[in-house]
Amino acid sequence: QVQLVESGGGLVQPGESLRLSCKASGSTSSIYFMGWYRQAPGEQRELVASMTNRGNTNYAESVKGRFTISRDNAKNTVFLLMNSLEPEDTAVYYCNADFSSWGQGTQVTVSS
């Protein structure tokens with residue numbers, strides 16, 4: 001099994017940046033897919049960025065050019081760098097391993 005812990009959320013103004021971290025523990029060597037999701041109040045959870053163990057990445061249209069997913073294999077950590085944040089990016093951000101294991105989420109609020 002895999003355990004995930006997100007961190008790095010907070011309150012920022014429009015146009016600013018945040019970097020989220022997802023620390024994985026447990027059976028990390030078997031992970032194929034890591035994804036960052038977000039969910040705003042009253043909305044469905046959506047996939048915003050993903051990475052395979054081969055390094056292939058994909059992004060939602062709404063965040064292309066602004067968000068970057070990366071990893072540090074030695075630290076079993078996946079990052080989400082979020083630039084040019086907008087109020088519409090406000091949500092709880094979750095990381096996911098192989099479409100099944102979830103972290104507890106970290107709140108990102110973008111407001112002036």
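**Close-up views of a predicted model**

**View 1. Arg 38 and its partner.** Arg 38 is buried, with a relative accessible area of 6% (buried means under 20% relative accessible area, exposed over 50%, partly exposed in between; 1.4 Å probe, protein chains only). Its side chain meets that of Glu 46 in a salt bridge, 2.8 Å from N to O (a side-chain nitrogen of Lys or Arg within 4 Å of a carboxyl oxygen of Asp or Glu). Glu 46 is partly exposed, at 33%. This is a predicted model: local features need pLDDT of at least 70, side-chain atom pairs count only at pLDDT 80 or more, and totals for chains, interfaces and linings use all residues. Residues are numbered from 1 along each chain as its sequence is written, and side-chain values use heavy atoms, leaving out hydrogens and water.

**View 2. A bridge between two loops.** The side chains of Asp 89 and Arg 66 meet in a salt bridge (2.8 Å, N to O). The pair links distant parts of the chain, 23 residues apart. Asp 89 sits in the loop between strand S8 (77–82) and strand S9 (91–97). Arg 66 sits in the loop between strand S6 (57–59) and strand S7 (67–72). Strands are DSSP runs (E, at least two residues), numbered from the N terminus. Both Asp 89 and Arg 66 are buried. Salt bridges with shared partners join Arg 38, Glu 46, Arg 66 and Asp 89 into one network.

**View 3. Glu 61 with Lys 64.** These two side chains form a salt bridge, 2.7 Å from N to O. Glu 61 is exposed, at 63% relative accessibility. Lys 64 is partly exposed, at 43%. The structure holds 4 salt bridges.

Terms used:
Helix = DSSP H or I, 4+ residues; strand = E, 2+ residues; numbered from the N terminus.
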